[in-house]
Amino acid sequence: MNILVTGGAGYIGSHVVKELLKRNYHVVTLDNLSKGHREAVTGGVFVQGDCGDAALVKELVREHGISAVVHLAADSLVGESMTRPDKYCQNNLGNGINFLTALAEAGVRRFILSSTAAVYGEPEYTPIDEAHPAQPVNVYGGTKLMLEQILRWYERAYGLRYVSLRYFNAAGADPGGRIGEDHDPETHLIPLVMQAALGQRDKIVIYGTDYPTPDGTCVRDYIHVSDLAVAHILALEALRDGGPSAVYNLGNERGHSVREVVETARRVTGVDFVVEEGPRREGDPAVLVAGSGRIQRDLGWRPRYGELEEIVRTAWEWHRGHPRGYGG
Ligand code: UDP
């Protein structure tokens, strides 16, 4: 299979590209570099452009004999999506539909979608399995759910089979230390904590200590980005071998509180950075933990870096080696 990866210069995309290259797939990365980093793409062909550019997409499919796609290109900030629904609908949905249509016309029949736990909204129970109602409470999750629904119709009409991967909290970095997480602005807990340990922030603020959880702070399911990346390859290979369309959660099935993350980071880095308690952040459910049994059963996926300590350690190696991210 020759594979087109959109958003392959981003945090998760660059790890997917690296795993594909390791297995000798021919990889074409398409990224407009609005958020991604050229340096994050460790091999294959790189093309700077928009996935919504139908002519470009068809040209790439023809030129490189593309038979499968991993689609990660999207805007993904929950807070921003609430104030700029126009931007999220236009980019994630508008460009996503143009992209899908170009692929259908070009004869591509295998599609992996980067989706999110945000499709579920406020959990009615945990761990959250794929049968949990999908009622997103933010625009970002809404756009991903709509794309999943559109894929069902495209499958019927054009025979395009798909796997949608609903990520929980992606974290950590490739153990080689060459690629990692570099967002601007940074909003995610683990990289923020790494910046605090490097002395680049004077403190970490815990968003809410009055949640109905054992220590009062939010509980999340952190999954190592390389484990996520491997799941994309298993999904591609399942489609290649004639497997059906499917939706899978990707998490470790284990919850860690914000305090636990902070304490783990203090231990791993050996830095006693300042931690402050602040008010809740809007839109944060108390507990998000995945039930990932379906992908384990169907595709044999197993997390390699299941321990929070390992996730934080690989994040620390990247941040220590790249204190200014790719720009440094
Ligand atoms: N969080 C926090 N302080 C920060 C950033 C995040 O307490 O500076 C909390 C946040 O409220 C959530 C958890 O850490 O409960 C993980 O947040 P993140 O933004 O990393 O991922 P999300 O769960 O929003 O996808």
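Helix α4 passes helix α5 in a right-handed crossing, where right-handed means that the near helix is turned clockwise from the far one by less than a right angle, and left-handed anticlockwise. The model is predicted, so local features need pLDDT of at least 70, side-chain atom pairs count only at pLDDT 80 or more, and totals for chains, interfaces and linings use all residues. Residues are numbered from 1 along each chain as its sequence is written.

**Helices α4 and α5**
- Helix α4 covers residues 85-106 and helix α5 residues 139-158; helices are DSSP runs (H or I, at least four residues) and strands likewise (E, at least two), numbered from the N terminus.
- The two axes come within 10 Å and cross at roughly 20°; axes are lines fitted to C-alpha atoms, for helices over the stretch in contact, with angles from 0 to 180 degrees between N-to-C directions.
- α4 and α5 are therefore roughly parallel to each other (under 35 degrees; over 145 is roughly antiparallel, 65 to 115 roughly perpendicular, and the rest oblique).
- On α4 the contact is made by Pro85, Tyr88, Cys89, Asn92, Leu93, Gly96, Ile97, Leu100 and Ala104, and on α5 by Val139, Tyr140, Thr143, Met146, Leu147, Ile150, Tyr154 and Tyr158; contact requires C-beta atoms, placed from the backbone, within 7 Å.
- By class, this contact has 14 nonpolar, three polar and no charged residues (Ala, Val, Leu, Ile, Met, Phe, Trp, Tyr, Cys and Pro are nonpolar, Asp, Glu, Lys and Arg charged, and the others, Gly among them, polar).

**Helices α6 and α8**
- Helix α6 (residues 189-197) packs against helix α8 (residues 258-269) at an angle of about 40°, with the axes 10 Å apart.
- The pair is therefore oblique, and the crossing of α6 and α8 is right-handed.
- Leu189, Ile190, Val193 and Ala197 of α6 meet Val258, Val261, Val262, Ala265 and Thr269 of α8.
- The α6 and α8 contact has eight nonpolar residues, one polar and no charged.

**Domains**
- The domain assignment gives domain 1 as 2-171 + 224-250 and domain 2 as 189-221 + 253-321; such bounds come from an automatic or database assignment.
- Taken over C-alpha atoms, the centres of domain 1 and domain 2 are separated by 24 Å.
- Domain 1 puts 25 residues into the contact, and domain 2 puts in 24 residues.
- On the domain 1 side, the elements giving two or more residues are β7 (169-171), α7 (225-240) and β11 (246-250).
- Of the elements on that side, α7 gives the most, with six residues.
- The domain 1 side divides into 15 nonpolar, six polar and four charged residues.

Methods. Two residues are in contact if their C-beta atoms, placed from the backbone, lie within 7 Å.
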